[in-house]
Structures are given as structure tokens and as C-alpha cells.
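I am opening this notebook to keep track of what I look up, one entry at a time. My plan is to begin with how the chains meet and then turn to single residues.

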2 protein chains.
Amino acid sequence: MAGPELHPDVVPLGFLIGSWMGEGKGEYPTIESFAYGEEVRFWHVGKPFLAYTQRTWALDDGRPLHSESGYWRMGGPGRVELVLAHPTGVAEVEDGTLDGTSLSLATSSVVRTPTAKLVERLERDIRVEGDVLTYELRMSAVGQPLISHLTGELQRGAS
Amino acid sequence: MAGPELHPDVVPLGFLIGSWMGEGKGEYPTIESFAYGEEVRFWHVGKPFLAYTQRTWALDDGRPLHSESGYWRMGGPGRVELVLAHPTGVAEVEDGTLDGTSLSLATSSVVRTPTAKLVERLERDIRVEGDVLTYELRMSAVGQPLISHLTGELQRGAS
């Protein structure tokens, strides 16, 4: 069954659509470095956004680590917006640039529940070349400056 | 295959877990009233939150209407937190109370992308009795005061 056509507003983001699987590495001054498996999904329903979920798990025993979910929008030509919920009690808006199949975003505003972890700012660079997606995420949290936190490489799966 | 056990922190929210389907009605001073179908899913991965997605569609032609996704957490005894992303470009934190199987939450903070719709505040009451979930959502947006926007009734599906 054919789904709806991609909304014209998000055609520039169409290269993201699909399921992506791979691995990444995490580091931060307050924790031990770790390796993880990751699944990312982008999809659409014919409206002017892409829906997005991400989850990671420990490579040693498969226990779930981070996850996040939200929506990607275009904010005008070459401008991208991301609205994101984190299970740590953080909701944020990121915006940035789209250049071909490279994205570069940073937190523009962040809100937290009373019990949330103190995340100040995220920056993420994403690049897609063919069926390979690579990214780096930088984070300022719990009193630390903005430094590299996660890097990963994912392969596009069967859609 | 047995999944992980529900994290002790979110046992008080366990009554929400499952897939819920039903219908609702929407009204707002700036739009025509409308009826919609709705699916809501709550699930867990063994960590101290419930993951949550919701989507609605028009009853006449099935076209997608609203959706939202995020995470539910406990904020202490009888306190509930909701972290939510909306595809309209809005991210928000809600908090409120849990009394048995009744929830009452309101926006505590909200952030928006540059192109987002102007939503000021949401309030939601949710009540579960057995396999029936009813809710009312009140909204202050686009210059309107806080007034009833959505009411719905959902039935718990096969999990």
C-alpha cells in the first residue's frame, strides 16, 4: 500500500527517512567511556515534519541506555528545527542549518522537569553519505563545558 | 519472550501501559469543531519512565491530525511529570498529580521553534477505569484563554 506523498516542506529532509542501525562511543568527564548499539528511525505521515525516535543500548548486555523522540521541521531554506523530548526529564528545541545532506544544530531553548538531569546545551552534527549516517553530539551538562559526548556511525536498513 | 520488569519508580503509572484506541471531539474558538480517531501507546523498557506516543486522524477521510510523543516520569509520591514534543514546533514540560488512576497535569514550561504555533499552556485530566481511558485537554493558544479543546474516550487494546 502506497503511503502519502512527502510534504513539499520536508523534501529537503527526505534523505533521512528510514531506519538506521549501528554503533557509537560515548565519553564525558563525569562518567566512564562506553560503547553502544543504536537504532534511529525517521518517518513521515504526509505532513510538514518528520517524526523521529532514537534508542541506544549497551553492547555488553543489551540493557537500554538513552532514548529520545520528537519531530524535525524546516525553518525556511537551509534552516532546520528539531523538537525533542528526553526521558531524563528534558524537553528542548534545537535549530540550525541544512547543507545538502549535512545538518548542524544546537539547543536554542531547553526546559526541565523538577527531577531532571541538568542539561544546558546540546550541539549535533549529522552527515549522510549514501546509506551511511555519521554524527557527533556535544553536550554541556552538570556543570561541564560544551564538549564531545557521543560519536556514531549508522547504516540505512531495509525501509 | 518476557520483557524487563517495570521499574519500581513507575509502578504507580503501570495502569497506563498498553495501546488505547477510541474517538474524541475537538473545539476551539479559532477553528471548526471536529471529531477524530485516536491511538495512544504507553510502554516501558525497564527504566524509570514510560514512553508515550499519541496520534489522531480525521474520521471522514483518515488524514493524520495531531500527534505528540514523549515520556512520563514520577516526580515523587503522587507527583507526575510529562516531557513532550509536538510536531507543531512546541516542546513542553507538564507536571501535576496522580491520585489512584486519575492524572491531572498542566504545562510548567514551554519552548517553541521560530516557526511554531503559539501554544501558551495545556492542562490535561486523564482517568482510567478498568479498560476505559477518558480525558479532557484544555489549551491556551493563539491569544485565547485556557478553555476546553479536546475530550476523548479510549478502550484498552490487546497488549
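The entries below follow the order in which I looked things up.

**Entry 1: the two chains together.** I note before anything else that this is a predicted model. I looked up how many residues meet, and found that 34 residues of chain A are in contact with 34 residues of chain B. The area buried between chain A and chain B comes to about 2,400 Å², and carbon and sulfur atoms give 61% of that area. I then searched for charged pairs across the interface of chain A and chain B, where the rule finds zero salt bridges. Polar contacts are another matter, as I count 17 residue pairs in polar contact between chain A and chain B.

**Entry 2: how the copies are related.** I superposed chain A on chain B, which takes a rotation of 180° with 0.0 Å of shift along its axis and leaves an RMSD of 0.0 Å. The two copies are thus related as by a two-fold rotation axis. I also see that 100% of the interface residues of chain A are interface residues in chain B too, so the copies meet through the same surface.

**Entry 3: a residue with partners in both chains.** I picked B:S67, which sits in strand β4 (residues 64–74) of chain B. Its relative accessibility is 12%, and B:S67 therefore counts as buried, the limit being under 20%. Beyond its neighbours within four places in sequence, I list A:F49, A:Y71, B:Q54, B:R55, B:H86 and B:P87 as the contacts of B:S67.

**Entry 4: A:Q54.** I found A:Q54 in strand β3 (residues 50–58) of chain A, and at a relative accessible area of 9% A:Q54 is buried. Its side chain makes a polar contact of 2.9 Å with the side chain of A:E38. With neighbours within four places in sequence left aside, the contacts of A:Q54 include A:H66, A:S67 and A:E68.

**Entry 5: salt bridges.** I count 24 salt bridges over all chains. One joins A:E81 to A:R73, with the closest N and O atoms 3.1 Å apart; A:E81 is buried at 2% relative accessibility, and A:R73 is buried at 12%. Since A:R124 lies in strand β8 (residues 119–129) and A:E94 in strand β6 of chain A, the pair ties together parts that are 30 residues apart in sequence. I read 6% relative accessible area for A:R124 and 0% relative accessibility for A:E94, and each counts as buried.

**Entry 6: a positive phi.** Most residues other than glycine have a negative phi, and I therefore made a note of A:V142, whose phi is near 40°. A:V142 is found in the loop between β9 (132–141) and β10 (147–156) of chain A, and A:V142 is partly exposed at 40% relative accessible area. For B:V142 I also read a phi near 40°, and B:V142 is partly exposed at 42%.

Conventions. Residues are numbered from 1 along each chain as its sequence is written. Chains are lettered from A and ligands numbered from 1 in the order in which they are written. This is a predicted model: local features need pLDDT of at least 70, side-chain atom pairs count only at pLDDT 80 or more; totals for chains, interfaces and linings use all residues. Side-chain values use heavy atoms; hydrogens and water are left out. Helices (H or I, at least four residues) and strands (E, at least two) are DSSP runs, numbered from the N terminus. Buried means under 20% relative accessible area, exposed over 50%, partly exposed in between (1.4 Å probe, protein chains only). A polar contact is a pair of N or O atoms within 3.5 Å; within protein, one must be able to donate a hydrogen and the other to accept it, and residues adjacent in sequence count only if both atoms are side-chain atoms. Contact means heavy atoms within 4.5 Å. Buried area is the accessible area (1.4 Å probe) that two parts lose on being put together, summed over both. A salt bridge is a side-chain nitrogen of Lys or Arg within 4 Å of a carboxyl oxygen of Asp or Glu. Copies are superposed by least squares on the C-alpha atoms of residues with pLDDT of at least 70 in both.
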